Amino acid sequence: MTNARTTLLLGGRIYSPSAPDATAMAITDGIVVWVGQDGPAKALHPDAEPVDLDGAFVAPAFVDAHVHATATGLHLTGLNLAGIRGAGELLAAVRDAVRPGQVLVAHGWDESRWTDGRLPSRAEIDEAANGAPVYLSRVDVHSALVSSALVALATGVHEAQGWSADGPLTRDAHHLVRAAMRDAITPRQRREAQRAFLAEAAARGVVSVHECAGPDISGAEDLTDLLALASEPGLPEVVGYWGERGGIDTARALGARGVAGDLFVDGALGSRTAALREPYADAHGTSGTLYLDAAAIAEHVAACTEAELQAGFHVIGDAAVAEVVEGFRLAEKTVGRRALAARHHRLEHVEMIDADQAKELAGWGVVASVQPQFDAEWGGEHGMYVDRLGAGRAPKLNPFSAMAAEGLLLAFGSDAPVTPVDPWATVRAGTYHRTPGSGLSARASFTAHTRAGHRAAGVNDGVTGSLVPGAPAHYAIWDAEDLVVATPDSRVQRWSTDPRAGVPPLPNLAEGVTLPRCLRTVRDGEVIHDVFTRTA
């Protein structure tokens, strides 16, 4: 039997509910075994390997509850369209990036931010692509500009809903060209993209990601490769979800945690495919697209419940949310409330929800996987939400405080590549919501991006995601400025910063303040990212 290996962190600021004034933490064989002050730590663990934190901040590592690893990795290693501000810039970027024999995959254009909202024609894209297959996804990944060479690879696309001879492809046509793009990517491209994504996640203090895969998103081979890669040492955990109606056997064969994730009930607001009760403010002829009705939703939820798997759906618009709630009502009649609640089924995004719906969903044990950076990017008086929905509906989106008040478990994520993996920016966005009163406290936002992420994946041991004795040693070390105990609204009195109040402080997340920089990320006691210099 080998001797237990203990690491002792000293001289830091430890975020622990069991010891708000802690400066030290001991980890033995991947488990937190002690949290407290330096003096007792040294006395209790005289043979431990010491690590001098030099005042650094130590906190539970983050969980990103909604990602698309390969797409994000291709974004990280390839062409980034987020800074593009017009059709001419986009075409120039494509012209510079195309390579013979390779499909060009690029992401992030957002015409709502362009100085001129004109989109390039397919003929213009073809000229820039010089014959190469090109797939350029909009920031919400629910529509794409494509070249004719890629269209030629997508069987049946001309007859599919959402086809356009010249403009962006949406709905089923988009799914078909995305599948063609995916098939054109080489195994080497995919592996490099996946590794780049996981390295980036670790560098951001993320110890676990929830991959939302599916036949319309990334494919079985992609998820198989990603889970195999994540089994290698030195990388974040990947929790896989397979979003396919009737996909229970496939999900089990793939090793997915549930038949959930991006199983589409509707689309996205930016592409005007999210299903609304009333038409879009800037496109009166459409109310979006509803892909699944209540009966289909109920069938899927009941089947997954009986199979003891998580079910879940992508749902954004208010018409889609209403359909999901009705679907759960119908499923309860089949399997019963207790069985339904035991599975902790998931909803992704769930942006247009009211308090009554949140209360009903909470009663069924549903988890809401939400993305606060959506509000930071597109909320506010002049954001895309107002353009799409008008000033009356837009401020009601992403009501995190109301959802939490009704008992919904919120798990934060990025939906990368839609928004970047940037956990502290996400916590900030969840705290300083663009609609006053809709944000959470900083502590609740932080919990939603750490402990709640593990719970959303079915880990309910009561300690994972916290730095308390008995918890897995999932943590990150941060270069952070002053720590504070803040509320999401400056008009509300701050909590006591006295350690005796039992409230551990967090970094200052106010606008304009530099966010913490990750120095080290640790999963189960093993370092998976490190730029921290030990000075024991």
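# Salt bridges, a covered helix and an open sheet

Me: How many of the residues of helix 17 (residues 423-431) are buried?
Reply: This is a predicted model, in which local features need pLDDT of at least 70, side-chain atom pairs count only at pLDDT 80 or more, and totals for chains, interfaces and linings use all residues. Residues are numbered from 1 along each chain as its sequence is written, and side-chain values use heavy atoms, with hydrogens and water left out. Helices (H or I, at least four residues) and strands (E, at least two) are DSSP runs numbered from the N terminus; buried means under 20% relative accessible area, exposed over 50%, and partly exposed in between (1.4 Å probe, protein chains only). Helix 17 is mostly covered, and its buried residues number nine of nine.

Me: How many salt bridges does the structure hold?
Reply: Side chains of opposite charge can pair when their charged atoms come close. A salt bridge is a side-chain nitrogen of Lys or Arg within 4 Å of a carboxyl oxygen of Asp or Glu. The number in this structure is 24.

Me: How many residues apart are Arg113 and Glu377?
Reply: The side chains of these two residues, Arg113 and Glu377, form a salt bridge at 2.7 Å, N to O. Arg113 lies in the loop between strand 9 (104-109) and helix 4 (122-129), and Glu377 lies in helix 14 (residues 372-378). The pair links distant parts of the chain, and the separation in residues is 264.

Me: Is Arg113 buried, partly exposed or exposed?
Reply: The relative accessibility of Arg113 is 35%. Therefore Arg113 counts as partly exposed.

Me: Are Glu348 and Arg346 buried or exposed?
Reply: The side chains of Glu348 and Arg346 meet in a salt bridge of 2.9 Å, N to O. Both Glu348 and Arg346 are buried.

Me: What is the relative accessible area of Glu332?
Reply: Glu332 and Arg337 join their side chains in a salt bridge of 3.1 Å, N to O. Arg337 is partly exposed at 38% relative accessibility. Glu332 is also partly exposed, and its relative accessible area is 23%.

Me: Which strands stand at the edges of the open sheet of five strands?
Reply: The sheet has the order 8-9-10-11-12, with mixed pairing. Each edge strand has a single partner strand, so one side of each is left without a neighbour in the sheet. The edges are strand 8 (79-80) and strand 12 (169-170).

Me: Which residue in strand 9 stands opposite Asn80?
Reply: Two strands pair if DSSP finds at least two bridges between them. Strand 8 and strand 9 pair in the parallel sense over two bridges. The residue opposite Asn80 is His107.
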